[in-house]
Amino acid sequence: MSRPEEAPIPLAVLEEFEEAGPLVGILIGSESDREAIEPAVEELNDRGISNEVRVLSAHRDPRAVAEYGSTAALRGVRVIIAGAGMSAALPGVVASYSDLPVIGVPLTSSKSAAGGLDAILAIVQMPPGVPVACVSLNGARNAAILTAKILAQGGGYPGTPPRPTL
Ligand code: RP5
């Protein structure tokens with residue numbers, strides 16, 4: 001798959017979307033993950049970085065995850081944060097459909113048999129060729145800070161502090 005900056009996006013494709021997407025897509029595997037991912041939303045909002053939260057389950061609704069991953073870059077999304085608990089396939093699955101950097105957030109779940117270690121292992125053990133970054137357990141805020149650092153490279157984002165001149 002070619003990267004968006006290498007392949008100009010045909011106008012007809014862009015016209016399919018009603019409006020441009022935000023810079024950051026935040027995915028969670030369940031509505032029960034919403035509270036745990038909220039620190040990422042707050043951190044991005046504090047930094048003035050546009051974002052959206054979507055509840056998409058890699059296991060319960062894989063087609064929707066595929067569609068999101070396949071179209072996110074075309075909508076203008078530049079980083080995807082994906083939080084999930086238990087058998088946390090969401091970050092890896094969305095990464096398999098997108099060339100955007102994906103930051104996984106392993107989350108604890110009251111249903112977890114391993115207190116969150118299951119989610120950590122699911123996210124960090126991606127096969128070679130399909131990288132997913134992984135922050136700490138329930139590290140939603142760190143995921144947002146890492147996202148801001150990624151966005152600050154290259155063109156940056158609105159309000160990015162100027163780079164120091166050496
Ligand atoms: C995972 O299973 C979700 O990310 C969530 O952390 C966990 C439990 O989901 P629910 O059964 O509460 O919807 O897929």
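In the protein chain, residues 24 or more positions apart account for 68% of the contacts with a separation of 6 or more; contact means heavy atoms within 4.5 Å. The model is predicted: local features need pLDDT of at least 70, side-chain atom pairs count only at pLDDT 80 or more, and totals for chains, interfaces and linings use all residues. Residues are numbered from 1 along each chain as its sequence is written, and side-chain values use heavy atoms, with hydrogens and water left out.

The protein chain has six helices and five strands. These are DSSP runs numbered from the N terminus: helices are H or I with at least four residues, strands E with at least two. Along the sequence the pattern reads α-β-α-β-α-β-α-β-α-β-α. Of the 166 residues, 41% are buried. Buried means under 20% relative accessible area, exposed over 50%, and partly exposed in between (1.4 Å probe, protein chains only).

Helix H3 covers residues 62-75. Its 14 residues should span 20 Å at 1.5 Å a residue, and the end C-alpha atoms are 20 Å apart, which agrees. The expected span is 1.5 Å times one less than the number of residues. H3 has a kink of about 25°, centred on Gly69. The bend at a residue is the angle between axes fitted to the seven residues ending there and the seven starting there. Gly69 is also one of the buried residues of H3, which include Tyr68 and Arg75. Their cover includes strands S1 (24-28), S2 (51-55) and S3 (79-85), together with helix H4 (90-96). Gly76 follows H3 and has a positive phi, near 105°.

The largest pocket has a volume of about 430 Å³. Of its 22 lining residues, Gly29, Ser30, Asp33, Gly85 and Met86 are the closest to the centre. A pocket is an open set of points on a 1 Å grid over the protein atoms alone, where a 1.4 Å probe fits, with protein on both sides within 12 Å along at least five of seven lines; lining residues have an atom within 4 Å of a point. Grid points are joined across faces, edges and corners, and the volume is the space filled by probe spheres set on them. Helix H2 (34-46) and S3 each supply at least two lining residues.

Ser112 lies in the loop between strand S4 (102-107) and helix H5 (117-124). Ser112 is buried, at 15% relative accessible area. Ser112 touches Met86 and Asp118, not counting residues up to four places away in sequence. Gly85 and Ser112 are 27 residues apart in sequence, but 7.5 Å apart in space, C-alpha to C-alpha.
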